[in-house]
Amino acid sequence: MSQILETYRKKHPASERMYDEACEALPSGLAHDNRRVTPFPIYMDRAEGAYKFDIDGNTFLDFVMGHGSLLLGHLDADVCAAVKAQLERGTHYGAGHRGEVRWAEAIKALVPGADRVRFTSSGTEATLLALRLARTFTGNEKVVRFYGNFHGWHDYLISGSKPPFSLPGSTGLPEEVEALSIHLRAGDIEAVRAVLDQEDVAAVIMEPTGGTQGKAPVSAEFVRELRDLTFRRGALLIFDEVVTGFRVSPGGAAAAIGVTPDLTALGKIVAGGLPGGAVTGRGSLFAPLEFTGDAGRDRYSRVAHPGTYNANPLSAAAGVACLEKIADGEAQRYCDELADRFRAGMTEVLERRGVDGCAYGASSILHIAAGVEIPRVSSPGELAEFDPAMLVKGMGPRLVHFRRATINHGLDFMGPTGFVSTAHTEADIERALEAFDGAVADLVAEGVF
Ligand SMILES: Cc1ncc(COP(=O)(O)O)c(C=O)c1O
């Protein structure tokens, strides 16, 4: 039996029991596909700062960080104080409230081109609404999207994020819906031009630092060309900044690259680690959401958008507290520096242990491509020409071994990906590198790499 697996089982008996219980109620014992680890996932008990603690009493240095939503780490004092204060005043008014106005103002102050804001409950809902606004504005239905870019799980955009890109991203997708997406390789501006010349396209949507949180990087030059091309052809440009928003810079990747899209989909950090999302962008695109008082127009020519948890007061409180705290860019600079150190250190470990690949990523996002035949790059842009299918596939079937080994050494990653927060310290990164070295040594000893 694998030593890594044996250690995993020995260290997590309570999680194994909880998983058996969970499977009675939850499909595969899970609430999110990407939380799967075999033979069972780890169940957490609590979290604080940069750490998580599981139900077996193990401690983890956390790099999942709420799937990237916790730029300020777990239980940030200001976010918690704002949420507690709101909790005393009610959790749901079923009505407008001061918090949603402050929240929208905070977004407007940071995100380029944010004239108007509409809140949603998640990033998935944000890309869904962005498409509805784009289709309404242009009168076109088709959407151009790029291989390996993830935009949430709704029917319109779930396909094309995971290889093989030519197959549907899920069962249960109507063919007519699938036919509305045109899948292209990011980086190939001529391919986009050819499509926009031939088809009536509502929007081009992309993750502006590249697909799957930058795992398949894209050059800033391509993003600029795309802005110019979509503008000339009358298709809207939508940035999915659910991950990059407020992380890559206070104004997200748009501000960092210097490109203003027509619409931006936001999620994760926007709500300070609570559930939430938003669409923002050019004012005229939001006009169809406005009520005019003309009953005919309001019933037949409006973009409808209800949603029980839109701008929930608790999420608004957390969002405002978080956005105020990260507005000056200091948090991002701090996290980027630590992430640079961590990525370089992980690449050094792989080199020293004779394992192919490297750690790369934009800003404070980490992608670990261990055992993957790519150069040891110091900037993700150097991978912009690489096959996105290969980059997104990454470690492939070896990933589960990597997850078990890193968990055994007290590191929690989101698959091969991680996020650095302001709660991490230099000492945490040194500790994480030691743990990473131990995990890679185990994987080499077992012949995984
Ligand atoms: C780039 C991107 N867009 C959209 C989403 C969907 O967001 P949510 O999980 O909040 O629905 C995600 C989630 O990870 C994402 O990474």
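## Around the ligand

The residues of the shell around the ligand comprise 3 nonpolar, 10 polar and 2 charged ones. Here Ala, Val, Leu, Ile, Met, Phe, Trp, Tyr, Cys and Pro count as nonpolar, Asp, Glu, Lys and Arg as charged, and the others, Gly among them, as polar. This is a predicted model, in which local features need pLDDT of at least 70 and side-chain atom pairs count only at pLDDT 80 or more, while totals for chains, interfaces and linings use all residues. Residues are numbered from 1 along each chain as its sequence is written.

In total, 15 residues surround the ligand, and the closest are Ser122, Gly123, Thr124, Gly152 and Val242. A residue is near a molecule or strand if its C-beta atom, placed from the backbone, lies within 6 Å of it. Which helix gives the most to this shell? Helix H6 (residues 123-138) does, with 3 residues. Helices (H or I, at least four residues) and strands (E, at least two) are DSSP runs, numbered from the N terminus.

## The sheet and its helices

Now find the open sheet of 7 strands, with the order S4-S11-S10-S9-S7-S5-S6 and mixed pairing. Two strands pair if DSSP finds at least two bridges between them. Strand S4 (116-120) and strand S6 (181-184) stand at the edges with a single partner strand each, so one side of each has no neighbour in the sheet. From one strand to the next, the twist averages 20°. S4 and strand S11 (residues 277-281) run antiparallel and are joined by 5 bridges; Phe119 stands opposite Ala278 in S11.

Helix H8 (residues 189-198) lies across S5, S6 and S7, at about 155° to S6. Axes are lines fitted to C-alpha atoms, for helices over the stretch in contact, and angles run from 0 to 180 degrees between N-to-C directions.

## Two domains

The protein chain is assigned domain 1 (3-74 + 329-445) and domain 2 (77-326), with bounds from an automatic or database domain assignment. Taken over C-alpha atoms, their centres are 27 Å apart. How many residues does each domain bring to the contact? Domain 1 gives 27 residues and domain 2 gives 31 residues, where contact means that the C-beta atoms of two residues, placed from the backbone, lie within 7 Å.
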